[in-house]
Amino acid sequence: MELTTVWFALIAVLWVGYFCLEGFDFGVGMLLPVLARDDTERRVMINTVGPVWDGNEVWVLVAGGATFAAFPEWYATLFSGFYLPLLLILVALIVRGLSFEYRHKRHDDTWKGRWDLALIIGSFVPSLLWGVAFANIVAGVPIDADKEFTGTLFTLLNPFGLLGGLVTLTLFAAHGAMFVALKTDGEIRHRARALAVRIGAVAAVLAVVFLGWTQAKTGTALSAVVFVVAALALLGGLFAARSGREGWAFTGTFLTIALAVAGLFLALFPDVMPSTTDPAFSLTTTNAAATAYTLKVMTWVAVVFTPIVLGYQAWTYWIFRKRISVHHIPSPVLAETGQ
């Protein structure tokens with residue numbers, strides 16, 4: 001197998017990991033005003049992702065860096081053409097990160113309310129725009145002979161792209177609700193489980209339409225199989241949630257996102273960014289790749305450091321695996337006095 005194909009597959013794995021892990025982070029943030037009835041329950045929800053959210057974001061940093069090093073032409077065209085949506089995602093992620101760090105600094109309802117709003121918006125915007133971006137990458141965008149994007153922001157806001165955004169938005173919300181149900185106890189656990197089923201049903205309808213449309217546009221026999229299994233995984237997750245089996249329910253949404261993203265990359269290959277102007281102008285794993293020497297060095301670096309990163313992240317999830325509830329949250333008075 002050529003190293004260009006290997007690195008295309010590795011980048012796909014990085015995006016799968018990012019969407020599966022950061023997806024429930026986004027879902028928890030978006031559902032903060034829906035599931036939580038008071039500040040204590042909001043703190044419970046935030047604490048479910050508190051130990052892991054920053055580690056989850058490492059996946060997108062590595063995916064971006066790997067794309068830059070392995071496929072510099074892809075990186076250049078993507079980040080110049082999708083500049084505004086990616087900038088909005090970046091700003092949202094920064095604001096979201098600040099909300100985790102600053103919300104608890106003052107025991108003031110107005111202060112907390114503003115940072116809660118920042119968390120909600122900072123979770124909503126990437127959830128929507130990542131879907132829009134990937135839908136357009138798979139479907140193709142106008143690229144000229146110089147490998148430059150010739151469209152505008154409104155080029156990306158087409159029906160297919162917007163549907164992709166709604167799919168990621170609803171899938172991440174359902175995934176987040178499943179995670180809250182898995183990680184909490186008490187009333188919020190039951191509310192999250194019920195909400196996950198309702199949102200998941202909407203996500204299932206949107207996902208079937210989107211994946212079917214993708215398959216009709218650019219799919220292969222293998223991507224069709226993966227898409228079908230993704231749909232079955234979502235249905236299985238919803239059934240498990242209705243039965244009160246949160247672990248299997250979360251596994252179902254996790255597999256759905258993983259398989260759907262994998263299917264998109266399978267439908268995209270061997271292109272990395274198809275051109276709707278002329279297929280001859282499309283960026284592929286061949287004409288967008290770095291030199292063979294660069295790919296060899298990157299491969300050795302990945303072989304050494306990938307197990308270390310995966311091991312550390314797995315250890316983090318294991319350490320913080322227990323459920324939390326409102327009785328684990330100290331009152332503001334006790335927190336202020338250090339008691």
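The model is predicted: local features need pLDDT of at least 70, side-chain atom pairs count only at pLDDT 80 or more, and totals for chains, interfaces and linings use all residues. Residues are numbered from 1 along each chain as its sequence is written, and side-chain values use heavy atoms, with hydrogens and water left out.

**Exercise 1. State how many helices and strands the chain has, and judge how compact the chain is.**

Step 1. Helices (H or I, at least four residues) and strands (E, at least two) are DSSP runs numbered from the N terminus. The chain holds 14 helices and two strands.

Step 2. The radius of gyration is taken over C-alpha atoms, and the globule rule is 2.2 Å times the number of residues to the power 0.38. For 339 residues the rule gives 20 Å, and the radius of gyration of the chain is 20 Å, so the chain is as compact as a globular protein of that length.

Step 3. Along the principal axes, the C-alpha atoms fill a box of roughly 65 × 40 × 40 Å.

**Exercise 2. Describe how α9 packs against α10.**

Step 1. Two packed helices are described by the angle between their axes and the distance between the axes. Axes are lines fitted to C-alpha atoms, for helices over the stretch in contact, and angles run from 0 to 180 degrees between N-to-C directions.

Step 2. Helix α9 (residues 159-183) packs on helix α10 (residues 187-218) at about 150°, and their axes are 7 Å apart. α9 is therefore roughly antiparallel to α10. Angles under 35 degrees count as roughly parallel, over 145 as roughly antiparallel, 65 to 115 as roughly perpendicular and the rest as oblique.

Step 3. The crossing of α9 past α10 is left-handed. A crossing is left-handed if the near helix is turned anticlockwise from the far one by less than a right angle, and right-handed if clockwise.

Step 4. The contact of α9 with α10 has 23 nonpolar, four polar and three charged residues. Ala, Val, Leu, Ile, Met, Phe, Trp, Tyr, Cys and Pro count as nonpolar, Asp, Glu, Lys and Arg as charged, and the others, Gly among them, as polar.

**Exercise 3. Give the angle, axis distance and handedness for α1 with α4 and for α1 with α12.**

Step 1. The axes of α1 (residues 3-30) and α4 (residues 53-70) cross at roughly 155° and come within 8 Å. α1 and α4 are therefore roughly antiparallel, and α1 passes α4 in a left-handed crossing.

Step 2. With α12, α1 makes an angle of about 150° at an axis distance of 9 Å. This pair, α1 and α12, is therefore also roughly antiparallel, but the crossing of α1 and α12 is right-handed.

**Exercise 4. Find the cavities and say what lines them.**

Step 1. On a 1 Å grid over the protein atoms alone, a cavity is a set of points where a 1.4 Å probe fits but cannot get out; lining residues have an atom within 4 Å of a point. Grid points are joined across faces, edges and corners, and a volume is the space filled by probe spheres set on the points. Two cavities of 30 Å³ or more are counted.

Step 2. The largest cavity holds about 200 Å³. Its lining has 17 residues, with Val167, Thr168, Ala260, Val261 and Leu264 nearest the centre. α9 gives the most, five residues. The lining of the largest cavity is 14 nonpolar, three polar and no charged residues.

Step 3. The second largest cavity has a volume of about 30 Å³. Trp74, Phe134, Ile137, Val138, Leu264, Phe265 and Leu268 line the second largest cavity.

How values were computed
On a 1 Å grid over the protein atoms alone, a cavity is a set of points where a 1.4 Å probe fits but cannot get out, and a pocket is an open set with protein on both sides within 12 Å along at least five of seven lines; lining residues have an atom within 4 Å of a point.
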